[in-house]
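Hi everyone, thanks for coming along. I'd like to walk you through one model today, helix first, then core, then pockets.

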Amino acid sequence: MDSQTQHPSFLAVPARPAKPRSSGVTHVLDGGLDLLSTRAALDAVAPLVDIWKFGWGTAYLDRQLADKLDALRGASVLSCTGGTLLEIAWVQERTAGFFDWVVEVGMDCVEVSNGATGLPVTAKRELMATALDRGLTVLSEVGSKDPDAEVDADEWVEEIVGDLAAGATWVVAEGRESGTVGMYDADGEVRHDVVDAIDAEVAADRIIYEAPRRRQQAALLRRFGPSVNLGNITTSDVASVESLRAGLRTDTMGISTTIGSALA
């Protein structure tokens, strides 16, 4: 048996749509992997990864960026800048240079956020329009990175709806890599009032929920099923998240029989 192509089929697990997909998206956070590690990760899990975000401004510093982007294109994984990098460019009044660079290096997507600098929503939408004019896919982000910031569910929904109307393909619900801000409290527990408000007004396949912790991933999968979009997943956790989607872990066992038939 060819281990590269054959997969077992004796269990009932939720069907997964093929890439490119808009639901069941796994959005990976790259905190500075080298080229060899990137290639190794893609060799292992590329079919499970949809978006690869270069976090913390690492793309700006990465001397292997061109080769990493080539590897991502070859694996049909969308590349994306992190939102803070664009916010810094806005603060320094250098957004034109940012967009020139993003297009020149061949990024597929940009994240447009306002959680680090207090960027006004009007300016955020202008940046989104610029990105769209340059042929880029836009992921907007809603929520503050400040753990002390008040979280108002209605304000989140209003901004999400406005960002989608302004052309965002997906809206990212802030959770950071820590899973302790935005849609989570300081203990990492899901703010259910925020999730309920979003779910009442916005189609689930337009939201990417940042969920770096297993219990957060499991909670969202139990709520929305295997097709929920999950973000800020580390490369080492991609297979683990897929196991949760398939109902092969205790945290989500039964998801395949309660929801899976509807996804076939």
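Before the packing, one term: I'll say contact, touch or pack when heavy atoms lie within 4.5 Å. A word on the basis of all this: the model is predicted, so to speak of local features I need pLDDT of at least 70, side-chain atom pairs count only at pLDDT 80 or more, and totals for chains, interfaces and linings use all residues. Residues are numbered from 1 along each chain as its sequence is written, and side-chain values use heavy atoms, with hydrogens and water left out.

Let's start with helix α5, residues 95-105. Helices here are DSSP runs of H or I with at least four residues, strands are runs of E with at least two, and both are numbered from the N terminus. Which residues of α5 are buried? They are Phe 98, Phe 99, Trp 101 and Val 102. Buried means under 20% relative accessible area, exposed means over 50%, and partly exposed is in between, with a 1.4 Å probe and protein chains only. Looking down the axis of α5, these buried residues fall within an arc of 160 degrees, so they line one face of the helix. That arc is taken from the directions from the helix axis to the C-beta atoms. On the other side of α5, Ala 96 and Glu 104 are exposed.

And what does the buried face pack against? The partners of the buried α5 residues are α2 (58-61), α3 (65-74), β3 (78-81), α4 (83-91), β4 (109-112) and α6 (121-133). After α5 comes Gly 106, with a positive phi near 95 degrees.

Now the core. By nonpolar core I mean a set of buried Ala, Val, Leu, Ile, Met, Phe, Trp, Tyr and Cys residues joined through side-chain atoms within 4.5 Å. The largest one holds 64 residues, and Trp 52, Phe 98, Val 110, Ile 198 and Tyr 209 have the most contacts inside it.

Thr 38, in helix α1, is buried at a relative accessible area of 1%. Thr 38 touches Leu 33, Trp 52 and Lys 68, not counting residues up to four places away in sequence. Gln 216 sits in helix α9, residues 214-224, and counts as buried at 1% relative accessibility. With that sequence cut-off again, up to four places away, Gln 216 touches Gly 179, Tyr 184, Gly 188 and Ala 211.

Last stop, the largest pocket. On a 1 Å grid over the protein atoms alone, a pocket is an open set of points where a 1.4 Å probe fits, with protein on both sides within 12 Å along at least five of seven lines, and lining residues have an atom within 4 Å of a point. It is lined by 18 residues, and His 7, Pro 8, Val 13, Leu 48 and Glu 242 lie nearest the centre. Both α1 (35-45) and α10 (238-245) give two or more residues to that lining, with α10 giving the most, four residues.

Thanks, and I'm happy to take questions!
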